[in-house]
Amino acid sequence: IAIIELLAEKQVCISGDISNELPLSRTTVSQHLQELKELGIIKGEVSGQNVCYCLNVETFDRLKSSFTTLFQKITNATNCC
(Lines give C-alpha, C1' and ligand atoms only; values in the text may rest on other atoms or scores of the structure.)
Protein backbone atom coordinates (compact mmCIF):
# COMPACT_ATOMS: atom_id res chain seq x y z
CA ILE A 1 0.00 0.00 0.00
CA ALA A 2 2.87 2.37 0.79
CA ILE A 3 4.30 1.84 -2.70
CA ILE A 4 0.91 2.49 -4.30
CA GLU A 5 0.44 5.65 -2.19
CA LEU A 6 3.92 6.87 -3.15
CA LEU A 7 3.29 6.29 -6.85
CA ALA A 8 -0.09 8.03 -6.60
CA GLU A 9 1.59 11.03 -4.99
CA LYS A 10 4.62 11.28 -7.27
CA GLN A 11 3.02 9.72 -10.39
CA VAL A 12 6.35 8.26 -11.64
CA CYS A 13 9.22 6.86 -9.57
CA ILE A 14 12.49 5.10 -10.18
CA SER A 15 12.89 1.94 -8.11
CA GLY A 16 15.85 3.37 -6.16
CA ASP A 17 13.82 6.44 -5.25
CA ILE A 18 11.04 4.22 -3.93
CA SER A 19 13.55 2.34 -1.76
CA ASN A 20 14.85 5.63 -0.37
CA GLU A 21 11.32 6.69 0.65
CA LEU A 22 10.35 3.50 2.48
CA PRO A 23 11.80 1.80 5.57
CA LEU A 24 12.47 -1.39 3.57
CA SER A 25 15.54 -2.85 1.92
CA ARG A 26 16.01 -2.44 -1.84
CA THR A 27 15.55 -6.19 -2.23
CA THR A 28 12.20 -6.13 -0.41
CA VAL A 29 10.98 -3.14 -2.41
CA SER A 30 12.09 -4.83 -5.62
CA GLN A 31 10.13 -7.97 -4.71
CA HIS A 32 7.01 -5.94 -3.94
CA LEU A 33 7.35 -3.99 -7.19
CA GLN A 34 7.62 -7.23 -9.14
CA GLU A 35 4.47 -8.62 -7.49
CA LEU A 36 2.52 -5.39 -8.11
CA LYS A 37 3.65 -5.41 -11.74
CA GLU A 38 2.65 -9.06 -12.23
CA LEU A 39 -0.80 -8.25 -10.80
CA GLY A 40 -1.15 -5.35 -13.26
CA ILE A 41 -1.40 -2.76 -10.49
CA ILE A 42 1.69 -0.89 -11.67
CA LYS A 43 3.64 -0.54 -14.90
CA GLY A 44 7.41 -0.43 -15.20
CA GLU A 45 9.58 0.77 -18.08
CA VAL A 46 13.34 0.49 -18.39
CA SER A 47 14.98 3.89 -18.73
CA GLY A 48 18.73 3.47 -19.11
CA GLN A 49 19.91 1.57 -16.05
CA ASN A 50 16.77 2.38 -14.07
CA VAL A 51 13.19 1.18 -14.07
CA CYS A 52 10.50 3.88 -13.90
CA TYR A 53 7.27 2.77 -12.25
CA CYS A 54 3.78 4.25 -12.37
CA LEU A 55 0.27 3.16 -11.45
CA ASN A 56 -1.71 1.24 -14.05
CA VAL A 57 -4.67 3.62 -14.23
CA GLU A 58 -6.75 1.16 -16.26
CA THR A 59 -6.59 -1.37 -13.42
CA PHE A 60 -7.66 1.23 -10.86
CA ASP A 61 -10.55 2.33 -13.08
CA ARG A 62 -11.79 -1.28 -13.20
CA LEU A 63 -11.38 -1.66 -9.45
CA LYS A 64 -13.22 1.58 -8.80
CA SER A 65 -16.09 0.46 -11.01
CA SER A 66 -16.28 -2.95 -9.35
CA PHE A 67 -16.22 -1.52 -5.84
CA THR A 68 -18.79 1.15 -6.72
CA THR A 69 -21.14 -1.58 -7.93
CA LEU A 70 -20.49 -3.65 -4.80
CA PHE A 71 -21.06 -0.69 -2.47
CA GLN A 72 -24.33 0.13 -4.24
CA LYS A 73 -25.51 -3.44 -3.67
CA ILE A 74 -24.52 -3.26 -0.01
CA THR A 75 -26.26 0.09 0.44
CA ASN A 76 -29.44 -1.28 -1.15
CA ALA A 77 -29.42 -4.48 0.94
CA THR A 78 -31.96 -4.88 3.69
CA ASN A 79 -30.83 -5.38 7.26
CA CYS A 80 -30.66 -9.07 8.09
CA CYS A 81 -30.58 -8.76 11.87
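# A guided tour of the predicted model

Begin by selecting E58 and K43: the two residues form a salt bridge, with their closest N and O atoms 3.4 Å apart. E58 belongs to helix α4 and K43 to strand β2, so this pair ties together parts that are 15 residues apart in sequence. Please keep in mind throughout that the structure on the screen is a predicted model. Colour the pair by accessibility next. E58 counts as partly exposed, at 44% relative accessibility, and K43 also counts as partly exposed, at 37%. As a general principle, side chains of opposite charge can pair when their charged atoms come close.

**Second stop: the other salt bridge**

How many salt bridges does the structure hold? There are 2. To view the other pair, select E21 and K10, whose side chains meet in a salt bridge with an N to O distance of 3.6 Å. Because E21 lies in helix α2 and K10 in helix α1, this pair ties together parts 11 residues apart in sequence. E21 is partly exposed, with a relative accessible area of 47%. K10 falls in the partly exposed class as well, at 41% relative accessibility.

In which order do the 3 strands of the open sheet stand? The order is β1-β3-β2, and the pairing is antiparallel. β1 and β2 stand at the edges with a single partner strand each, so one side of each is left without a neighbour in the sheet. In general, the strands of a sheet pair through backbone hydrogen bonds, either parallel or antiparallel.

Select residues 13-14, which make up strand β1, together with residues 50-55, which make up strand β3; these antiparallel strands are joined by 2 bridges. Within this pairing, C13 stands opposite Y53 of β3, and I14 stands opposite C52 of β3.

β2 and β3 pair in the antiparallel sense over 6 bridges. Here G44 has Y53 in β3 as its bridge partner.

Follow the chain from β2 to β3. The two strands form a hairpin with 2 residues between them, and G48 in this turn has a positive phi of about 70 degrees.

Select residues 2-10, helix α1. This helix lies across β1, β2 and β3, and it runs at about 90 degrees to β3.

Within helix α1, select E5. Is E5 buried or exposed? E5 is exposed, because its relative accessible area is 52% and the exposed class begins over 50%.

Then move along to Q11, in the loop between α1 and β1. Although Q11 is not a glycine, it has a positive phi of about 75 degrees. Q11 is exposed, with a relative accessible area of 56%.

Select S19, which is found in helix α2, residues 15-21. S19 counts as buried because its relative accessibility is 9%, and buried means under 20%. Which residues does S19 contact, leaving aside its neighbours within four places in sequence? They are L24, R26 and V29.

F67 counts as partly exposed, at 43% relative accessibility.

To end the tour, draw a distance line between the C-alpha atoms of E5 and L70. The two residues are 65 residues apart along the chain, and these atoms are separated by 23 Å.

Methods: Residues are numbered from 1 along each chain as its sequence is written. This is a predicted model: local features need pLDDT of at least 70, side-chain atom pairs count only at pLDDT 80 or more; totals for chains, interfaces and linings use all residues. Side-chain values use heavy atoms; hydrogens and water are left out. Buried means under 20% relative accessible area, exposed over 50%, partly exposed in between (1.4 Å probe, protein chains only). Two strands pair if DSSP finds at least two bridges between them. Helices (H or I, at least four residues) and strands (E, at least two) are DSSP runs, numbered from the N terminus. Contact means heavy atoms within 4.5 Å. Axes are lines fitted to C-alpha atoms, for helices over the stretch in contact, and angles run from 0 to 180 degrees between N-to-C directions. A salt bridge is a side-chain nitrogen of Lys or Arg within 4 Å of a carboxyl oxygen of Asp or Glu.
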